[in-house]
Amino acid sequence: MKELIVISGKGGTGKTSIMAAFASLAEDKVLCDADVDAADLHLIMAPLVRMRRDFQSGNTAVIDQNQCTECGQCLDLCRWNAISNDFEVNPIECEGCGVCVYFCPEKAIDFPENTCGEWFVSDTRFGPMVHARLGIAEQNSGKLVTLVRREASKLAEAKNLDLILTDGPPGVGCPVIASIGGASAVLIVTEPTVSGKHDMERVAQLSAHFKVPAMICINKFDLNLDLTQDIENYAEKKGITCLGKIPFDPIFTWAMVQGQTIFEYNTASKAGRAIKEIWHNLANKMEL
Amino acid sequence: MIISIASGKGGTGKTTVATNLALSLGAAVQLLDCDVEEPNAHLFIHPVFDQTKTVTAPVPEIDMNKCTLCGKCGEICQFKAIVVVGQTVLPFEELCHSCGGCMAVCPEDAITEKSRELGVIQKGYRNGIEFIHGKLRVGEAMSPPLIKKVLAYTDPAKFTIVDAPPGTSCPVIESMKKANFVLLVTEPTPFGLYDLKLAVGAAKILNIPCGLVINRSDLGDDNVKAYADRENLPVLMEIPFDRQIAETYSRGEMIVEVMPEWKEKFLKLYEKVKHLVT
């Protein structure tokens, strides 16, 4: 079984639109949305939810005012300034470390588990999909990413499908690290802007750090041909395959507004042809 | 006054708005780039950096001469960052949240703290603007402690603009929670709207007033505006799609410098925000 993660470093380079286009080109796969913090793939895939589960992770301290003697030990120990002078825990600040719970001499602090979001197994017109929704302001996005990836893998095994296509989060931090560890390959979708290139280089370093083979494609390449060339040069120097270049095309937005992939919106766009070529190169490279 | 520029969805133009707003206002402005995973504002501001500081987090160090392998450290740790295995104690630094629990609980005082590098903070200037950003070390998972350290540079005597990371989880909350106003940069597309709703939810949880900037405002549909009307969210600025703006951005140049007519618009945006805050 192979698992491809689409990432970008910088947000808004076109990860999800390209991922949706891949979903319509690939056969025998499970789709997975690992951008649990701002998941958008479902807006095009229109999943029919077959199973819904709560995601529980981490705990938050709650002081029982009736048992609290205001001795102040918790205030001294808490490194997050999460406990007010009248001994109430601010759940936004609480890290869930449980130090106050452990040391409270009155055992006055509860430590209930948090429900931080939910995850789903769904059917779409392009095959099964595992996705999730992290609650607003919640922690543990990395753990939820790990969970959806594991469930996608189980589903692929159960249905005898050989490929998992995963839409990853932006950045290089916790959720991205959780997304790419142990994957067969990552595809970095970048754009020829100073920020796109800067962020692509950081996420390429991250992939190298975790020893996950990286490939790139350049979206909106005609916006700045000099930078496109710079990105290609960088990729070549680092031994990263550039699978192709997609011209700037508002068709991505128009298709998104209709809840469609760009192929459903228009079968003959230039951007669509470029994506088909990228998919073809990717399938060869990954031996799909 | 602190305003935090956020979006939910990435790539909607947070950094464009933050940097052009800062440059339009000039001196007495502080720009803090809290998107420490992928900081970009410096690519447009081009500050001259005069300070670089390594930021660390405390992690446990065990003196095995004192340790009796009682296992209390592993018991208190909620993050599985320290365990007793056989005749030794293994700390997993990358999982450690630096709560100090293991050190507090150790009956033998065998645990002290050492520093683990999270990234760097750089400080510099451009046209009188004070610029500070954090850069997470590649391979490091935990951004909130670094964001906290960047925000510690907030100067109450100045107008502080915070460039927040995308999303709505802990790093975004960290970047928003001290703000007097959250400026949400969005685009009129289904992805833009869906993620905008999450970001508005985050501002509501924190009880901070917010307003919108709609970028590429003519490339999409009318649903963001309808939502803003419904929710009583003021639309403070609209930036239509313009290939010249996109190309200016791509080169790391400032819109207010290449297309000076935009300076007036960013100043107006500032006036509107100021009016809403006071």
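This is a predicted model: local features need pLDDT of at least 70, side-chain atom pairs count only at pLDDT 80 or more; totals for chains, interfaces and linings use all residues.
**Chain B, overall.** I started with the secondary structure of chain B and got 11 helices and 11 strands.

I then looked up the extents. The C-alpha trace of chain B spans about 70 × 40 × 35 Å along its principal axes. Next came burial: chain B has 278 residues, and 50% of them are buried. Of the contacts with a separation of 6 or more, 74% are between residues 24 or more positions apart.

**Domains.** How is chain B divided? I found domain 1 as 2-55 + 122-277 and domain 2 as 64-109.

**Where the chains meet.** I went to the interface next. On the chain B side, 51 residues are in contact with 52 residues of chain A. Which helices of chain B each supply at least two residues to that side? I noted H4 (101-105), H6 (170-176), H7 (190-205) and H9 (243-250). H7(B) gives the most, with 8 residues. I sorted the side of chain B that touches chain A by class too: 22 nonpolar, 21 polar and 8 charged residues.

**A helix pair in chain A.** Packed helix pairs get described by the angle between their axes and the distance between the axes, and I took both. The axes of H7(A) and H8(A) come within 11 Å and cross at roughly 15°. Angles under 35 degrees count as roughly parallel, so H7(A) is roughly parallel to H8(A). I logged the crossing of H7(A) and H8(A) as right-handed.

Which residues meet there? From H7(A) I listed A:Lys197, A:Met200, A:Glu201 and A:Ala204. Facing them from H8(A) are A:Leu227, A:Asp230, A:Ile231, A:Tyr234 and A:Lys238. By class, the contact of H7(A) with H8(A) has 5 nonpolar and 4 charged residues, and no polar ones.

Conventions. Residues are numbered from 1 along each chain as its sequence is written. Chains are lettered from A and ligands numbered from 1 in the order in which they are written. Two residues are in contact if their C-beta atoms, placed from the backbone, lie within 7 Å. Helices (H or I, at least four residues) and strands (E, at least two) are DSSP runs, numbered from the N terminus. Ala, Val, Leu, Ile, Met, Phe, Trp, Tyr, Cys and Pro count as nonpolar, Asp, Glu, Lys and Arg as charged, and the others, Gly among them, as polar. Axes are lines fitted to C-alpha atoms, for helices over the stretch in contact, and angles run from 0 to 180 degrees between N-to-C directions. Angles under 35 degrees count as roughly parallel, over 145 as roughly antiparallel, 65 to 115 as roughly perpendicular and the rest as oblique. A crossing is left-handed if the near helix is turned anticlockwise from the far one by less than a right angle, and right-handed if clockwise. A residue is buried if 20 or more other C-beta atoms lie within 10 Å of its own, exposed if 12 or fewer, and partly exposed in between; C-beta atoms are placed from the backbone. Domain bounds come from an automatic or database domain assignment.
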